[in-house]
Amino acid sequence: MGGMRMSSPRYEKPIIEKNWYRFRQNNIRGYFQHPAVEVFVEALDSDHADRIAERGIGLSFTEYCECCGHRWRKASEDDAQKEAPSPNGGVNEDNVKKVLIFKMGSKQLTP
Ligand SMILES: [Zn+2]
């Protein structure tokens, strides 16, 4: 039997499961704040996405208004998506960016 012979074990990179998590800002008290209305974070799981969002990007999960609720809600595994989000360079009526995208291990994709 000819053909190739496995002379040495093939090095295989470990498979890292990554997902995109979407954070959507609630305009509590009637206005949006920086850094963006929608923030997409690539992460290993929703807890990881929350840590990046809070410590790395500065989203507050504690800002709360009695009538409007929380400005930002923590990610859920139900929100995980494989498809990369679409960049949108625009700003909204409060001059806040519409979309910010943070790819894991690199700088943000959109300004
Ligand atoms: Zn309110």
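Which residue in S5 is the bridge partner of Glu-38? The partner is Val-99; the legends below place this pair in the chain.

**View 1. Overall fold of the predicted protein chain.** This is a predicted model, in which local features need pLDDT of at least 70 and side-chain atom pairs count only at pLDDT 80 or more, while totals for chains, interfaces and linings use all residues. Residues are numbered from 1 along each chain as its sequence is written. Helices (H or I, at least four residues) and strands (E, at least two) are DSSP runs, numbered from the N terminus.

**View 2. Pairing of S2 and S5.** The two strands run parallel and are joined over four bridges. Strands count as paired if DSSP finds at least two bridges between them.

**View 3. The two faces of S5.** Leu-100 and Phe-102 point to one face and are buried, that is, 20 or more other C-beta atoms lie within 10 Å of their own, with C-beta atoms placed from the backbone. Of the 111 residues in the protein chain, 20% are buried.

**View 4. The largest nonpolar core.** Such a core is a set of buried Ala, Val, Leu, Ile, Met, Phe, Trp, Tyr and Cys residues joined through C-beta atoms within 7 Å. This one has 17 residues, and those with the most contacts inside it include Tyr-21, Val-41 and Ile-52. Strands S1 (19-24), S2 (38-43) and S5 (99-102) and helix H1 (46-57) each supply at least two core residues; S2 gives the most, with four.

**View 5. Surroundings of Ile-52.** Beyond neighbours within four places in sequence, Ile-52 is in contact (C-beta atoms, placed from the backbone, within 7 Å) with Val-41, Ala-43, Ile-57 and Phe-102.

Methods
A residue is buried if 20 or more other C-beta atoms lie within 10 Å of its own, exposed if 12 or fewer, and partly exposed in between; C-beta atoms are placed from the backbone. Two residues are in contact if their C-beta atoms, placed from the backbone, lie within 7 Å.
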